[in-house]
Amino acid sequence: MSNDKVYGMLFSKVYPLLVSKAVKKGRTPGEVDEVTSWLTGYTPEQIAQAAADGVTYGDFFRQAPALNPARTLVTGVVCGVRVEEIQEPLMQEIRYLDKLVDELAKGKPMEKILRKS
């Protein structure tokens, strides 16, 4: 799938898939909101509003209030690609969220997911 297709997908279609992935593994929607908030600076209410407003996935990240500087500590493979090696900045932001949700679904403790010492 091309980057433009990913960027043009509606956030309201993608976010429930991320939540579903985590919930299937015993995590909560609130925890998905927590990692999303940590990454982007959105509040849970703003995340819900973005989904309701029909924001695209690309615009969700482009308009993020405060991307967390510690997000560069998120490393590893998602969709067969190392997130730290992704050259396209917007795609890298999207993959950071994918990786955080993967870690959540794998049962990692929240302190480790949020890169707290």
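Student: What volume does the largest pocket have?

Tutor: Rolling a probe the size of a water molecule over the atoms shows where empty space is left. In this predicted model the largest pocket has a volume of about 300 Å³, where a pocket is an open set of points on a 1 Å grid that a 1.4 Å probe fits, with protein on both sides within 12 Å along at least five of seven lines, and the volume is the space filled by probe spheres set on the points.

Student: Which residues lie nearest its centre?

Tutor: Of the 15 residues that line the largest pocket, Val14, Leu18, Cys79, Arg95 and Asp98 lie nearest its centre, a lining residue being one with an atom within 4 Å of a point. Two or more lining residues come from each of α2 (11-24) and α6 (89-105), and α6 gives the largest share, five residues.

Student: How do α2 and α6 cross?

Tutor: Two packed helices are described by the angle between their axes and the distance between the axes. Here the axes of α2 and α6 come within 8 Å and cross at roughly 20 degrees. That makes α2 roughly parallel to α6, a term for angles under 35 degrees.

How values were computed: Residues numbered from 1 in each chain as written. Predicted model: local features only at pLDDT ≥ 70, side-chain atom pairs only at ≥ 80, totals over all residues. Heavy atoms only, no water. Helix = DSSP H or I, 4+ residues; strand = E, 2+ residues; numbered from the N terminus. Axes fitted to C-alpha atoms, helices over the stretch in contact; angles between N-to-C directions. Parallel < 35°, antiparallel > 145°, perpendicular 65-115°, else oblique.
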